[in-house]
Amino acid sequence: MRMVDVIQKKRDGGTLAKDEIEWIVRGYTQGDIPDYQMSAFLMAVYLVGMTDEETSQLTLAMAHSGEMLDLSGIHGVKVDKHSTGGVGDKTSLIVAPLVASVGVPVAKMSGRGLGHTGGTIDKLEAIPGFRVELTKEEFVRHVNDIKLALVGQSGNLAPADKKMYALRDVTATVSCIPLIASSIMSKKIAAGADAIVLDVKVGAGAFMKDLAHARQLAETMVRIGRSLGRRTIAVLSDMDQPLGTEIGNASEVREAIAVLNGGGPDDLRTVCLALASHMAVLGGVYPDFEAAHTGLQQALASGAALETFARFVAAQGGDPELVRRPELLPRAEREVPLPAASAGFIEAIDAEKVGLAAMLLGAGRLTKEDAIDYAVGVTLRKKVGDRVELGETLAVLHVNGAKEARRSPCCARRTGSGPFSRRLTRSFTKSYNR
Ligand code: URA
């Protein structure tokens, strides 16, 4: 087989056979196919698309490019959950212990933050002592004992995707539904789940900015999962404004604990209950969504979900006392309120800009090597639809001076009443005609 022929076939609208797709993925992972040919191939896929069958084959080939986790040592139906990424998205911290508390085994691998979006692993590391790496034996034992273990993604999981994603990033081929779907699903398949619940975010702060594309991505991933024998469901959820009110690492853990304690913001609790209900049905614990929803609300109200979270934190090296006293989690030195320049109603909050602001304060990374400041972030005091008076606080920045200055001097200078806070304030759009 010659790569030039395969590129030409795809470029001219052809459908690739299973062996051609496997050959490309294997060749590229092993370094036999150079970046320039793979780039041309990815661009052909971007322009021409792929059939469902091709997308499934690409997913399988990428999943098999590295380690395939064997979770057969874990009893019960293993249900995984994946979010396509957003701002203030701490759903995994809530959903995983919530479903575990009703008996669904959760053996989860999560990622770190990327750009303006946060990552579950970074958030968990805000808990002092928490270990995001476990041995295979520990991982299996924890899931069997407390129904929950959550670790960082292993380096050898779907290495083809890792290489291809890096290439897509620099060849303008990221925003392509067959490539996104196969990239996400290859990692889920390699991670060994029996069933998968996908949380596809849609809106300004998400990858998919409009509903039509989000639905298309969701349907493609569901078809891939089902064609590969995994029970798969997708939920579309709003990412026009950040989820909940906290954007940052320690503060998002605190907000997750509030939800697990039966409180927390309505939007966050609603999404979590929806995702968890689907997971609990797929896990065979409840017969239908309504029964699961009721059962899971009880698990929040009774403290069972919070107790599972405390056991999970303790099992992975953190102090479970922090779950009972979340005020002990890291806090920034200073709070900088952002006042409203006029009265009105909040019409929109640009989630991406809020996420970028949190990242610039130190909650995320500008480069892969950056260290995270777990204490900094943004608290939204107003959400879409809220009324604001002149001078009322829209949001509060949680700032650590030294880190902020090191990471972004211009931002450090400007925090307070300067352009940085004005820019962040402008991410709140106010409407005056209601
Ligand atoms: N997340 C992934 O893992 N892959 C993509 O292609 C896009 C988002």
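You're looking at a predicted model, where local features need pLDDT of at least 70, side-chain atom pairs count only at pLDDT 80 or more, and totals for chains, interfaces and linings use all residues. Residues are numbered from 1 along each chain as its sequence is written, and side-chain values use heavy atoms, with hydrogens and water left out.

**The sheet**

- Three strands make an open sheet in the order β1-β4-β5, and their pairing is parallel.
- Strands here are DSSP runs of E, at least two residues, while helices are runs of H or I, at least four residues, and both are numbered from the N terminus.
- Two strands pair if DSSP finds at least two bridges between them.
- At the edges sit β1 (79-83) and β5 (231-238), each pairing on one side only.
- From one strand to the next, the twist averages 15°.
- β4 (residues 195-202) pairs with β5 in the parallel sense over eight bridges, and V197 stands opposite I233 in β5.
- As background, strands of a sheet pair through backbone hydrogen bonds, either parallel or antiparallel.

**Helices on the sheet**

- Helix α9 (residues 177-190) lies across β1, β4 and β5, and runs at about 155° to β1.
- Helix α12 (residues 266-282) also packs on the sheet, touching β1, β4 and β5, and its direction makes about 160° with that of β4.
- For those angles, axes are lines fitted to C-alpha atoms (for helices, over the stretch in contact), and angles run from 0 to 180 degrees between N-to-C directions.

**The cores**

- A nonpolar core is a set of buried Ala, Val, Leu, Ile, Met, Phe, Trp, Tyr and Cys residues joined through side-chain atoms within 4.5 Å.
- Buried means under 20% relative accessible area, exposed means over 50%, and partly exposed is in between (1.4 Å probe, protein chains only).
- The largest nonpolar core has 78 residues, and I127, F312 and V378 touch the most other members.
- Helix α12 gives the most to this core, with nine residues.
- Leaving aside neighbours within four places in sequence, F312 is in contact (heavy atoms within 4.5 Å) with L124, F130, I146, L148, A149 and L150.
- There's a second, separate core of 34 residues, which includes L71, I196, M208 and I224.

- Ten of the eleven residues of helix α5 (residues 91-101) are buried, among them L93, I94 and V95.
- After α5 comes G103, whose phi is positive, near 105°.
- E252 belongs to helix α11 (residues 250-260), and it counts as buried because its relative accessibility is 3%.
- The E252 side chain makes a polar contact with the side chain of K123 at 2.9 Å.
- A polar contact is a pair of N or O atoms within 3.5 Å; within protein, one must be able to donate a hydrogen and the other to accept it, and residues adjacent in sequence count only if both atoms are side-chain atoms.
- E22, in helix α2 (residues 18-30), is partly exposed, with a relative accessible area of 30%.

**Around the ligand**

- Y165, R168, I180, S183, I184, K187 and F207 are the residues around the ligand, each with a heavy atom within 4 Å of it.
- A polar side-chain atom of R168 lies 2.9 Å from an oxygen atom of the ligand.
- A side-chain N or O atom of S183 is 2.6 Å from a nitrogen atom of the ligand.
- For K187, a side-chain N or O atom is 2.5 Å from an oxygen atom of the ligand.
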